[in-house]
Amino acid sequence: MTIPHEWPLVLFTLSVQLAVGLHLALLATKSLNRAEHPAGSPVAGGPFLLVGVLMVAALAVSLLHLGAPMSAVHALSNLEDSWLSREILAVLVFLGLWGLSYWLRRRPGTPPWFADALAWATALTGIVLIWVMARIYMIPARPHWDHWLTAAGFFLTTLLLGAVAGAVFLARPALLAVGFAASLAQIGATLTHPMTGEIMRSPGGPPLFGLRILLLLGGASLLVIPLARSSALGKAPSRSGTEVRWAAGALLLVGASEVLGRMLFYAVGPVIPF
């Protein structure tokens, strides 16, 4: 198997999915724990800023994939027929709404309910963005990708990376549990995806596929440790405790697994431009 040198595509898709997932994780945590998160908490600060940084970085990386970067101005010229054009529009809308939401949270006098409503609108746009991103690949001309599990895999990547990254910042048991469940679900989706058969038949494919599964299992195992510790000690994980380090280790493993998985994804089908 020849792994294509499509790092811009890999970094673009994974950065967007991490950004959307992190936004959803932070917003859900804030809604479930309002009393514990004042305006100056990490939920309204650095982690939310990281969402925007990831989106800007994804847009910058996407230009590396274009043979003529200046042609990016024409990316929105075919919204009626092109999922690629819709993807770029969804990225810009998500980033714009996030920027407005982030600014309003720091603007004195902004009603909290309005900032929260805008943040949820941003989250909804993010969900649409992931769906549009998946639809780019789900076409009959690419039979190894044209399956509902392609969309499921993209959403599971979003949920997995977002929950585990959120756990690193917030050390919430719920995020650890969601990350653990998403990692197991991702293993199931990966094992049953139609493209897996093509990977397993390709020279060098089985060991790379096996490594991806092992990385996912390793990440899931590390997520269990802080959950078990907090249960045994009878207290919630602490942001300053060892639980965060376990979550950070899990993020490295599942992140590496998703990078490898995305490279295998592009290896079994023709690469398409942004």
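Helices (H or I, at least four residues) and strands (E, at least two) are taken here as DSSP runs, numbered from the N terminus. By that rule, the chain on your screen has nine helices and zero strands, and its elements run α-α-α-α-α-α-α-α-α from the N terminus on. Bear in mind that this is a predicted model, in which local features need pLDDT of at least 70 and side-chain atom pairs count only at pLDDT 80 or more, while totals for chains, interfaces and linings use all residues. Residues are numbered from 1 along each chain as its sequence is written, and side-chain values use heavy atoms, with hydrogens and water left out.

**The whole chain**

Start with everything shown and colour by burial. Buried means under 20% relative accessible area, exposed over 50%, and partly exposed in between (1.4 Å probe, protein chains only). Of the 274 residues, 50% count as buried. Now turn to contacts, meaning heavy atoms within 4.5 Å. Among those between residues at least 6 apart in sequence, 76% join residues at least 24 apart.

**Stop 1: the nonpolar core**

A nonpolar core is a set of buried Ala, Val, Leu, Ile, Met, Phe, Trp, Tyr and Cys residues joined through side-chain atoms within 4.5 Å. In soluble globular proteins, nonpolar side chains tend to be buried together. Select Val16, Met55, Leu129, Tyr137, Phe154, Phe265 and Tyr266: these have the most contacts inside the largest core, which has 59 residues. Helix H1 (residues 7–32) gives the largest share of this core, eleven residues.

Which residues does valine 16 contact, leaving aside its neighbours within four places in sequence? Show Met55, Ala58, Leu129, Ile130 and Met133, and you have them.

**Stop 2: the aromatic rings**

Next, display the rings of Phe, Tyr and Trp (for Trp, the six-membered ring). Two rings pair if their centres lie within 6.5 Å; planes under 30 degrees apart count as stacked, over 60 as edge-to-face and the rest as tilted. The whole structure holds ten aromatic pairs.

One of them joins tryptophan 113 and phenylalanine 114, edge-to-face at 5.8 Å centre to centre with 85° between the planes. Tryptophan 113 is exposed, at a relative accessible area of 60%, and phenylalanine 114 is partly exposed, at 38%.

Then move to tyrosine 137 and phenylalanine 154, whose ring centres are 5.8 Å apart with planes at 65°, so this pair is edge-to-face. Tyrosine 137 lies in the loop between helix H4 (112–135) and helix H5 (148–170), and phenylalanine 154 lies in helix H5, so the pair ties together parts that are 17 residues apart in sequence. Both tyrosine 137 and phenylalanine 154 are buried.

**Stop 3: charges over rings**

A charge sits over a ring if NZ of Lys or CZ of Arg is within 6 Å of the ring centre and within 35 degrees of the ring normal. Stay with phenylalanine 154 and bring up arginine 262, which lies over the face of that ring at 4.5 Å from its centre. For another example, select arginine 105 and phenylalanine 48: the charged end of the arginine sits over the ring, 5.5 Å from its centre.

**Stop 4: helix H3**

Arginine 105 is also among the buried residues of helix H3, including Phe94, Leu95 and Trp98. The buried residues of H3 pack against H1, helix H2 (46–64) and H4. Helix H3 (residues 83–105) has 23 residues and reaches 32 Å from its first C-alpha to its last, close to the 33 Å expected at 1.5 Å a residue; the expected span is 1.5 Å times one less than the number of residues.

**Stop 5: into helix H6**

Where does alanine 171 lie? Look in the loop between H5 and H6. Alanine 171 has a positive phi of about 55° although it is not a glycine, and at 5% relative accessibility it counts as buried.

Follow the chain into helix H6 (residues 173–192), whose 20 residues should span 28 Å; the end C-alpha atoms are 29 Å apart, which agrees. Select its buried residues, among them Leu175, Leu176, Gln186 and Ile187. Seen down the axis of H6, the buried residues fall within an arc of 165°, so they line one face of the helix; the arc is that of the directions from the helix axis to the C-beta atoms.

Finish on alanine 185, found in helix H6 and partly exposed at 34% relative accessibility.
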